[in-house]
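Trainee: Could we go through the pockets of this structure together? I would like to learn how to describe them.

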Amino acid sequence: MTDPDRGGDRSPGQLVRPLIRVRQYRQFTDEPLTDREIGAIVDAARWSGSSRNSQPWRFIVIRDRSTILRLHDAGLPQTRSLATALAAVAIVVPADTEDAESYAYDEGRAAERMLIAASFLRVGAGIAWLLPAIQPMAGQLLGLPDDRLCRTIVVLGHPTDEARAPKLGAEKARLPRDEVVFEERWPAG
């Protein structure tokens, strides 16, 4: 007898397969996402868990190409995915250092949620990283108060055919499981 609450006839591996297929894209077509698509992606991030439910992030949806290109130019090569993007979401967190690790963790969770949501919508997303040297410029460009910073921008769009093409063979896409997953303890020797 199958249990529909546990996936019915599908194996655990089949059930998590959509998560394994989530990937980053860095080249996009000139077809914009709809407001509903962007809204769904941002809502997925907004509902991400956070340390002590602090919800430290705020999200700025960026559609202005001149803003996107200024961020792209300032942060190369970490911002190369912004070159063809028509939309991006800046993740803004408090700039104080007291809870910096917690904010970074929560920021990463929100970013990953956006990548997953984009994948579920059959669109693409990638991460552009703003190094500390350009964060003040990005803050000015985005109108951030002094107590906030942006270091992660999630880039959204319809990936080009070239971007969808596999970059590595299956044998190189991930390390073999036995090299990264251990039981109980770190392997001896």
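Mentor: Let us start with the word itself: a pocket is an open set of grid points with protein on both sides within 12 Å along at least five of seven lines. Its volume is the space filled by probe spheres set on the points. Please keep in mind that this is a predicted model.

Trainee: What volume does the second largest pocket have?

Mentor: Here we apply the definition of volume, the space filled by probe spheres set on the points. For the second largest pocket, that comes to about 300 Å³.

Trainee: Which helix gives the most to the lining of the second largest pocket?

Mentor: This pocket is lined by 13 residues, with Ser-119 and Phe-120 among those nearest its centre. Two elements give two or more residues to this lining, namely helix H4 (100-120) and strand E3 (124-129). The one that gives the most, with four residues, is H4.

Trainee: And what is the volume of the largest pocket?

Mentor: We use the probe spheres set on the points again. For the largest pocket, the volume is about 760 Å³.

Trainee: How many charged residues are in the lining of the largest pocket?

Mentor: The lining has 20 residues, and those closest to the centre include Arg-23 and Arg-174. Asp, Glu, Lys and Arg count as charged. Beside nine nonpolar and three polar residues, the number of charged ones is eight.

Trainee: Which helix gives the most to that lining of the largest pocket?

Mentor: Helices H1 (12-20), H6 (161-164) and H7 (170-173) each supply at least two residues. The helix that gives the most, with three residues, is H1.

Note on methods: Residues numbered from 1 in each chain as written. Predicted model: local features only at pLDDT ≥ 70, side-chain atom pairs only at ≥ 80, totals over all residues. Heavy atoms only, no water. 1 Å grid on protein atoms, 1.4 Å probe; cavity = no way out; pocket = protein on both sides within 12 Å on 5 of 7 lines; lining within 4 Å.
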